[in-house]
Amino acid sequence: MSQVAKLIMSEQAVVDQDELARVFIRMNPDEAEETFLGLVKSLTDHLAMGEHHLNADNLAELADTMSLVELIAGRLCMTALSQVAGDVVSCCDRGDRVALSATHARLIRVGEGALREIWDLKRTYI
């Protein structure tokens, strides 16, 4: 009898909480909340656009969108998401569709975890 192992893909969401706190402490509360909500909305919009570009096989637009995700994630101190978005851009630049598929799937996992973590942190700092 053979056993089949089921691999469950999971990613550690990495948000640099100390740096995020420093960023928001320097802002007044109204400015911090407006900035935070704007960045999170922009991030989710760009992640959705990236999915659309991937499905349309438009690698140039996907690379441009992921470059923006990389920047926005960096501003939100989402270090892992920023890194993976950069990896997606590299896959697009090389035209490596196999690596792109795997890397984009990782981007989605990391993104979901980072967004969950950042919403929990929002209650603490804002």
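Contact here means heavy atoms within 4.5 Å of each other. The model shown is predicted, so that local features need pLDDT of at least 70 and side-chain atom pairs count only at pLDDT 80 or more, while totals for chains, interfaces and linings use all residues. Residues are numbered from 1 along each chain as its sequence is written, and side-chain values use heavy atoms, with hydrogens and water left out.

**View 1. The surroundings of Leu107.** Apart from neighbours within four places in sequence, Leu107 is in contact with Leu47, Met66, Leu81, Val84, Ala85 and Val88.

**View 2. The largest nonpolar core.** A nonpolar core is a set of buried Ala, Val, Leu, Ile, Met, Phe, Trp, Tyr and Cys residues joined through side-chain atoms within 4.5 Å, where buried means under 20% relative accessible area, exposed over 50% and partly exposed in between (1.4 Å probe, protein chains only). This core has 35 residues, of which Leu43, Leu76, Met78, Leu107 and Ile118 touch the most other members. Two or more residues come from each of H1, H2 (29–55), H3 (59–75), H4 (79–94) and H5 (97–125), and the largest share, eight residues, is given by H4; helices are DSSP runs of H or I with at least four residues, numbered from the N terminus.

**View 3. Gln17 in helix H1.** Gln17 lies in helix H1 (residues 17–25) and is partly exposed, with a relative accessible area of 34%. Although Gln17 and Ile118 are 101 residues apart in sequence, their C-alpha atoms are 8.8 Å apart in space.

**View 4. Cysteines without disulfides.** The whole structure holds zero disulfides, a disulfide being a pair of cysteine sulfur atoms within 2.5 Å. For Cys92, the nearest cysteine sulfur, that of Cys91, is 7.0 Å away. Cys92 is buried at 8% relative accessibility, and Cys77 is buried at 6%.
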